[in-house]
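Student: I would like to go through this model by question and answer. Please give the cut-offs as the terms come up.

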Amino acid sequence: MRRGPPPGGRAGGRVGGPGRARGPCRGRTAALGRHGARRAGEGDMTGGRLWSARRVPSALTACAVLALAGTFLYDITAVRAGHPAMSWRTALARQLATRPLHDPWVLTGATLAALLGLWLVILALTPGLRSLLPMRPVAPPVRAALARTAAALLVRDRVLEVSGVRSARVTVSRRAIRVRADSHFRELDDVRQDVDAALRETVRGLGLARRPAVSVTVRRAARR
């Protein structure tokens, strides 16, 4: 009778199985994993803006369309059932049939309808959420954003830590960060260099997907 290999290993080999990989194979797997994660992160460095759900305009449009369609459907159903049409629909049909196209009321209604449609198209094609700055994605598909006010506070607190700065005003937009600082001692050029260095370091630490431009203005504080 032929005896098989002992459990857990090959015949004549060591017990422990082939599960423990050694040598360059293991190191190569770890290196490939790190390289793949790095490349995936580099591909998502420029995250786009977050899109707003537009809940309020969508709800208002849906309610208006539902109310108008429901009213017309009820009136048409009543007419089909032998009841007279609503007076407002009869008057509206008469006005639309008799008024010319160059009538002021017709032009006003057409202009309002065109403006409403243009507003809806703009809402559909623009992302909105202008008060949020998209951050660099670390673990897609999770997205994060930083409020402009929070970014302005962080930058302002960092600028106020620079020696010689008495007060600072920070304006944060989607493409630029502008700092206006008042200095009450030290040379203005030295203060400007320190503020610029602190600002750039802070901007790098914010982790924004698109690094904004930096503008620094330092002036002598007025004497009190």
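Tutor: Buried means under 20% relative accessible area, exposed means over 50%, and partly exposed lies in between (1.4 Å probe, protein chains only). The model is predicted, so local features need pLDDT of at least 70, side-chain atom pairs count only at pLDDT 80 or more, and totals for chains, interfaces and linings use all residues. Residues are numbered from 1 along each chain as its sequence is written, and side-chain values use heavy atoms, with hydrogens and water left out.

Student: Is Asp 194 buried, partly exposed or exposed?

Tutor: The side chain of Asp 194 meets that of Arg 186 in a salt bridge (2.7 Å, N to O). A salt bridge here is a side-chain nitrogen of Lys or Arg within 4 Å of a carboxyl oxygen of Asp or Glu. Arg 186 has a relative accessible area of 29% and is partly exposed. At 32% relative accessibility, Asp 194 counts as partly exposed.

Student: What is the order of the elements from the N terminus on?

Tutor: Helices (H or I, at least four residues) and strands (E, at least two) are DSSP runs, numbered from the N terminus. The protein has six helices and five strands. From the N terminus on, the order is α-α-α-α-β-β-α-β-β-α-β.

Student: Which strands does the salt bridge between Asp 182 and Arg 219 tie together?

Tutor: The side chains of Asp 182 and Arg 219 meet at 3.0 Å, N to O. Asp 182 counts as buried at 11% relative accessibility, whereas Arg 219 counts as partly exposed at 47%. The two residues are 37 apart in sequence, so the pair ties together strands β4 and β5.

Student: Which residue is linked with Asp 182 and Arg 219 in a network of salt bridges?

Tutor: By the rule already given, the count comes to eight salt bridges. Asp 182 and Arg 219 form one of the pairs. The residue linked with Asp 182 and Arg 219 in a network is Arg 169.

Student: How many residues apart are Asp 189 and Arg 192 in helix α6?

Tutor: The side chains of Asp 189 and Arg 192 meet in a salt bridge (2.9 Å, N to O). Arg 192 counts as partly exposed, at 29% relative accessibility. Asp 189 and Arg 192 are separated by about one helical turn in α6, because their spacing is three residues.

Student: What share of the 224 residues in the protein is buried?

Tutor: The cut-off for buried is under 20% relative accessible area. Of the 224 residues, the buried share is 19%.
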